[in-house]
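Take a look at the model below.

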Amino acid sequence: MRKMGFALSLFREYLANYIKTKLTYRADFWVEVFSDLMFSAMNLIFIFVVFTHTPALGDWTEAEVVFVYGYFMIPYGIFSTFMNLWNFSDRYITKGEMDRILTRPAGSLTQVMLENVDPPSLLGSLVGLGIMAAAWAKLGLPLHWYDPLVLIVMVLGSVLIYMGLYTALAAISFYSDAPTGIAPLMYNIQNYGRYPIQIYNKGIRFLLTWLLPFAFVGVYPASFFLDRHHDRVMAWLTPVMGVIFFALGLYVWNRGVKRYRGAGS
Amino acid sequence: MASAYLDFIRIRFLMMLAYRVNYYSGIVIYAINIGAYYFMWKAIYGSAETLGGFTVAQMTTYIAVSWMARAFYFNNLDREISNEIRDGSVAVQMTRPISYLMVKMMQGFGEGLFRLLLFMAPGMIVAILIFPVSLPTDPLRWAMFFVMIWFSFLINSQLNILTGLFAFFVENNEGLMRLKRVLIDLLSGVILPMTFFPGWARAILDWLPFQAITYLPGSVFTGRLSGGDAWNALLVQFVWFAALIVPIWLMWRAARKRLFVQGG
């Protein structure tokens, strides 16, 4: 608990630092926010354009697919705020900055996360919430008293899955010295969990459910709220999978850190 | 002089070869990408015969070939250039008696060549085995396709260089690089062929360089464009390649006068 408090106080400091840097490069800050939103817009455009040619995807309507997308944006925004590890292997392994991290009092993963904190990504979560609400209204779904609570649990589960997977992915750079990493390609796979899982064949469904469980950051938890696709079992597996994958990610990371030998030069 | 540039291709090629994990995982991940889009498009088609002027068979081939073409033309030159500008090592590179931008281009080509031979070829074979991809039989079409993805590479790299060079002027161009990546994926035709866009959007997209990167070569390969249209597509690519040289040249000239190394 005291460790947690320490991490939180560090978080505040880094946040203050972040704001100071961003105030220096104001124009870039807005370009960054804008491009993040464009990224989501791109996926929405894809959905809208596709639905001008077809009435349904599998047996999912446009509003339902948009609903799932809105849900996805919430955990994704939170994840991107705290885990901006895209250049981890280049910055920390190849350039040897990990040496410095290991001398810090905070845990190595906490320290790396804090140094790369990216609050504007939270804006994406808000936009996602808005999209979800709009789709909710359009679908005429009932709003139960427990829905907001369930949403929080689901989002937490999804965030943990993302964090676990990307921690493990970043930790791979401790084992293999691949400079570009698998990240950019993984980046594409994460998209597929946002579409109705039923349209894929068994192999891809298995992959998205159990191996790289991106379906738990989209279609499964969102289906809890959709009457027509209500799937209680898979939806409630979200927090369970979250805990499992986060634990796995931490395990890979901790073992990886032990293998770290510093950069050659 | 030319041999120095060739060496840059060779070195990058060998460098890519050194990182095997990337290679194996890359093939698997590209296969999954093609697979996921294949099933998604199958669901989109449902019982429809043609959508946006594509038959299901043409669409399958289009998806496979455009992902494979992406393997060839994709590179991170924007990131490399902006990193070198930001950490100041560009200054050292500029003192060398070779053109910095040409070196970058060659490095990108080495990377693309690596993926073409060791990625695209096996990936295509896997895709043909799993999905109903139909390859063109006309050798001329094949030849044309390869010329066209060469131009895809050039145009994509030019856009990357332009984005990277922005680091000279804005100090932090992270957002811009992300934006460029999104735009290329959305507007070049990898995830959505141009014919699917509504009319007004197409009218705009026809005047942007993005479609020359994926949509045009993909259309020639699948046989949607042939004869005069195919030559026209090639001409469009060439014009974009030539046109993009101008802003790069202007920016590079302005950048050299402006260069100050941060924290140096």
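How many buried residues are there among the 23 residues of α1(A)? The count is zero, and α1(A) is hardly covered. Buried means that 20 or more other C-beta atoms, placed from the backbone, lie within 10 Å of a residue's own. This is a predicted model: local features need pLDDT of at least 70, side-chain atom pairs count only at pLDDT 80 or more, and totals for chains, interfaces and linings use all residues. Residues are numbered from 1 along each chain as its sequence is written, while chains are lettered from A and ligands numbered from 1 in the order in which they are written.

Helix α1 of chain A covers residues 2–24. Helices here are DSSP runs (H or I, at least four residues), numbered from the N terminus. From first C-alpha to last, α1(A) reaches 34 Å, close to the 33 Å expected at 1.5 Å a residue. That expected span is 1.5 Å times one less than the number of residues.

Next come α2 (residues 26–51) and α7 (residues 122–139) of chain A, whose axes come within 10 Å and cross at roughly 40°. Axes are lines fitted to C-alpha atoms, for helices over the stretch in contact, and angles run from 0 to 180 degrees between N-to-C directions. The contact joins Val33(A), Asp36(A), Leu37(A) and Ser40(A) of α2(A) to Leu123(A), Gly124(A) and Val127(A) of α7(A). Two residues are in contact if their C-beta atoms, placed from the backbone, lie within 7 Å.

Now turn to the two chains. 34 residues of chain A are in contact with 34 residues of chain B. On the side of chain A that touches chain B, α2(A) gives the most, with 13 residues.

Notes
Helix = DSSP H or I, 4+ residues; strand = E, 2+ residues; numbered from the N terminus. Buried ≥ 20, exposed ≤ 12 C-beta atoms within 10 Å, placed from the backbone.
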